[in-house]
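Student: Could we go through this structure together? I would like to begin with the charged side chains and then move to other topics.

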Amino acid sequence: MPLYLEKIELNALAKQYGTPLYAYSKLSIVEAFKSFDEAFGTRAHTICYATKANSNLAILQILLELGAGFDIVSGGELQRVLEAAKRSAHQGRHIFNPKKIIFSGVGKTYAEIKLALQAGIGCFNIEAFAEIDMINSMAAELDIRAPISLRVNPNVDAKTHPYISTGLKENKFGVPIEEALEIYQYAATLSHLDIIGLDCHIGSQLTEISPYNDALDKLLDLITILASANIFLKHLDIGGGIGIRYNDETLIDPKDWIDTIKSKMAQNQHAKNLEIIIEPGRALVGDAGVLLTTVTLTKENEGKYFAVVDAAMNDLIRPSLYDAWMRIVNTKPSNEIKRIYDVVGPICESTDFLGKNRELALKSEDVLAVLQAGAYSFSMSSNYNSRPRACEVLIDEDKAYIIRERESVESLFALEKELLV
Ligand code: LLP
């Protein structure tokens, strides 16, 4: 069982709220956040949680009340963060400063830029040359200044799955590091921009520290070059990407990572006093979640066993999309014969599986748990096959609180119009 959900009877939880069900441990999120936060000590820093990993408002509230900032990639995520902040303020729990929001993403639209400027976010992470003019002109229209940082692509191999690697030349993210000086110099000529930072994000689920070091060395060289061109920054944003253990991966210790960043920065006179920003997503919420699902039936096709469960690729697409391996366990000890099962959903696609070739003892009606399902799980879910999305609950100690109701089928077609032609 996942470390933080020991106090809760997952089987009983599934019976009470129905399945598929996402359950998240509050304590796990708090402890993960602290492991990063405490590693910074007194060093100026902001941990900007990558909202996309899990954007449930209650999860955002937990993080913002811990002092997190947010890395957002859409107007929708911005509105979510603002709504979470509003709720925490209304409840008298926390006043959030929108300056702790940074806006990444390769295709910010004018409407999104406007929304972000009006909200007073802390920084736009520029990912394309053309974006500079877009942000400058929108800021001019609103008669305000836009704080910007350039997301550079350092061309390092993050040694992760190609679909979640972002720091290579062939990836669409950021601007080539070789062009950065020129782009900064251009930005400096524009009337409504304030250059405040430099950032990069090289990929997700990293399990080795060396790609970070390679990227950081390149960033520090660039900071020196910028300083000699009289461009001085306020922060350096190293991005996110710290991996978690789904199976037997070796992990990067947040403290080692942050200590290395601090010491490398201390050796550069133009970087030593910069605020450090990081953008972890998975490492803050991944371990906190499980997806509970009930076995509908088992079947055997000529010696191959399937456990057909009531969760599917619409609830959890990581296995189908990235061939991601996520641990699956029975929430109760079972006397059934252990067999090698493919754990599959009911969706009409051969890629609809949660796990292949898993040794499990189970029977129909048993509740299985897919572990480490706190990140990129619910947030990537869909309504494919007209399946309402799962209920989400937050576990605090031994109590469960619903943080998102199960969707109704009616809500799925509520926006659809009668045929008129
Ligand atoms: N910052 C930026 C600009 C990002 O694009 C991402 C993730 C992060 C931070 C956070 O990365 P993390 O710390 O969570 O690794 N859906 C995939 C992961 C996609 C990550 C996209 N960007 C998965 O399920 O593995």
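**Charged pairs, rings and strands**

Tutor: Arg145 is partly exposed, with a relative accessible area of 44%. Please keep in mind that this is a predicted model.

Student: Which residue forms a salt bridge with Arg145?

Tutor: The partner is Asp194, and the closest N and O atoms are 2.8 Å apart.

Student: How many salt bridges does the structure hold?

Tutor: The structure holds 14 salt bridges. One of them joins the side chains of Lys304 and Asp342, at 3.3 Å from N to O. Lys304 belongs to strand 12 (residues 304–309) and Asp342 to strand 14 (residues 339–344), so this pair connects parts that are 38 residues apart in sequence.

Student: What is the accessibility of Lys304, and what is that of Asp342?

Tutor: Lys304 has 31% relative accessibility and counts as partly exposed. Asp342 is buried, with a relative accessible area of 6%. The cut-off for buried is under 20%, which is why the 6% of Asp342 falls in that class.

Student: Which residue meets Arg387 in a salt bridge?

Tutor: Arg387 meets Asp315, at 2.9 Å from N to O. Arg387 is in the loop between strand 16 and strand 17, and Asp315 is in the loop between strand 12 and helix 11 (318–322), so the pair ties together parts that are 72 residues apart in sequence. Both Arg387 and Asp315 are buried.

Student: Which residues do salt bridges with shared partners join into one network?

Tutor: That network consists of Glu83, Lys86 and Arg87.

Student: Let us change topic to the aromatic side chains. How many aromatic pairs are there?

Tutor: There are 9 aromatic pairs in the structure. In one of them, the rings of Phe70 and Phe96 have their centres 5.6 Å apart and their planes at 65°, so the pair is edge-to-face. Phe70 lies in strand 3 (residues 69–72), whereas Phe96 lies in the loop between helix 4 (75–90) and strand 4 (101–103), so the pair ties together parts that are 26 residues apart in sequence.

Student: Are Phe70 and Phe96 buried or exposed?

Tutor: Phe70 is buried, and Phe96 is buried as well.

Student: What about the rings of Phe129 and Tyr186?

Tutor: Their centres are 5.2 Å apart and their planes lie at 45°, so this pair is tilted. The pair links distant parts of the chain, with Phe129 in helix 6 (residues 129–142) and Tyr186 in helix 7 (residues 180–188), 57 residues apart. Phe129 is partly exposed, with a relative accessible area of 42%, and Tyr186 counts as partly exposed at 27%.

Student: Which residues form one aromatic cluster?

Tutor: Tyr22, Tyr24 and Phe378 form one such cluster.

Student: Where does the charged end of Lys108 sit?

Tutor: The charged end of Lys108 sits over the ring of Phe103, 5.6 Å from the ring centre.

Student: Now the backbone, please. Which peptide bond is cis?

Tutor: The bond from Thr19 to Pro20 is cis, with omega near -5°. Pro20 is in the loop between helix 1 (10–17) and strand 1 (21–25).

Student: What is the phi of Glu365?

Tutor: Glu365 has a positive phi of about 80°, although it is not a glycine. Glu365 lies in the loop between strand 15 (353–360) and strand 16 (367–370), and it is exposed, with a relative accessible area of 55%. Glu397 also has a positive phi, near 55°, and is found in the loop between strand 17 (391–396) and strand 18 (399–404).

Student: To finish, how many bridges join strand 2 to strand 10?

Tutor: Strand 2 (residues 45–50) and strand 10 (residues 275–278) run parallel and are joined by 3 bridges, with His45 opposite Ile276. Strand 9 (residues 235–237) also runs parallel to strand 10, with 3 bridges, and Leu236 has Ile276 as its bridge partner. From strand 9 the chain crosses through helix 9 (residues 254–266) to strand 10, and this β-α-β crossover is right-handed.

Methods. Residues numbered from 1 in each chain as written. Predicted model: local features only at pLDDT ≥ 70, side-chain atom pairs only at ≥ 80, totals over all residues. Heavy atoms only, no water. Phe/Tyr/Trp six-rings, centres within 6.5 Å; stacked < 30°, edge-to-face > 60°. Helix = DSSP H or I, 4+ residues; strand = E, 2+ residues; numbered from the N terminus. Buried < 20%, exposed > 50% of the residue type's maximum accessible area, 1.4 Å probe, protein only. Lys NZ or Arg CZ within 6 Å of the ring centre and 35° of its normal. Pairing = 2+ DSSP bridges. Right-handed = clockwise from strand over helix to strand, strands pointing away. Salt bridge = Lys/Arg side-chain N within 4 Å of Asp/Glu carboxyl O.
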